[in-house]
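Subject: Handover of a structure and summary of findings

Dear colleague,

Please find the structure below, together with its sequence.

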Amino acid sequence: MTIQWHFQDGPSVGVLAVSGYLGAESVPRFAGAVGWALARGTGPLIVDLKALLGWSPQGQAALRDAVQRLAVQQRTVELAALPQGDGSALIPELQGLPVHPDLEAALAAHPATASERARSEAEHQGGHQNWRSAGWLEQPA
């Protein structure tokens, strides 16, 4: 089983949602999704794990590597909706990351200013840009 991903840029943050199981075999796909987010976003990156079934130590290491890749560009990573039961098992390098109970709380921590919203709308002609892996199933609202 591999992961699926969906990235949406926003006026103040980007959101990378991940579903499936982030194990050793999914690390290259996850790294590619992070590269996609790096190339298309500029601010903090929220990694939404609501649909993640779990992760292995290699999956958490891939997340640690993502944090380091974004740090090179002076960008931060935050986590939303940790997989059930995995919150206390974060590897030490991830324990200092901001963790939110869900995506809504994470987004509320980053309210966009009026100028950021206007710039984003002008750049994207009134909407946000979305990218996803081929197997991503849209989540019901």
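A residue is called buried here if its relative accessible area is under 20%. By that cut-off, buried residues make up 47% of the 141 residues in the protein. Please note that this is a predicted model. The protein exposes about 7400 Å², and carbon and sulfur atoms supply 55% of that area.

Overall layout

The protein has four helices and seven strands. Read from the N terminus, its elements follow the order β-β-α-β-β-α-β-β-α-α-β. Of the contacts between residues at least 6 apart in sequence, 74% join residues at least 24 apart.

Strand E5 and its partners

Strand E5 covers residues 77–80. Strand E3 (residues 45–48) runs parallel to E5 and is joined to it by four bridges; in this pairing, Val47 stands opposite Leu79. E5 also pairs with E6 in the parallel sense, over two bridges, and here Ala80 stands opposite His100.

The nonpolar cores

The largest nonpolar core has 28 residues. Those with the most contacts inside this core are Leu16, Val18, Phe30, Val47, Leu49, Trp55 and Leu79. Two or more residues come from each of strands E1 (4–9), E2 (14–22), E3, E4 (52–55) and E5, and from each of helices H1 (27–40) and H2 (57–72). A second, separate core has six residues, including Val13, Val15, Ile46 and Ala106. In soluble globular proteins, nonpolar side chains tend to be buried together.

Glu93 lies in the loop between strand E5 and strand E6 (99–100). Is Glu93 buried, partly exposed or exposed? Its relative accessible area is 48%, so Glu93 is partly exposed. Along the chain, Glu93 and Gln60 are 33 residues apart, and their C-alpha atoms are separated by 9.2 Å.

Yours sincerely

Terms used: Residues are numbered from 1 along each chain as its sequence is written. This is a predicted model: local features need pLDDT of at least 70, side-chain atom pairs count only at pLDDT 80 or more; totals for chains, interfaces and linings use all residues. Side-chain values use heavy atoms; hydrogens and water are left out. Buried means under 20% relative accessible area, exposed over 50%, partly exposed in between (1.4 Å probe, protein chains only). Contact means heavy atoms within 4.5 Å. Accessible areas come from the Shrake-Rupley method with a 1.4 Å probe; for residues, only the protein chains shown count as cover. Two strands pair if DSSP finds at least two bridges between them. A nonpolar core is a set of buried Ala, Val, Leu, Ile, Met, Phe, Trp, Tyr and Cys residues joined through side-chain atoms within 4.5 Å.
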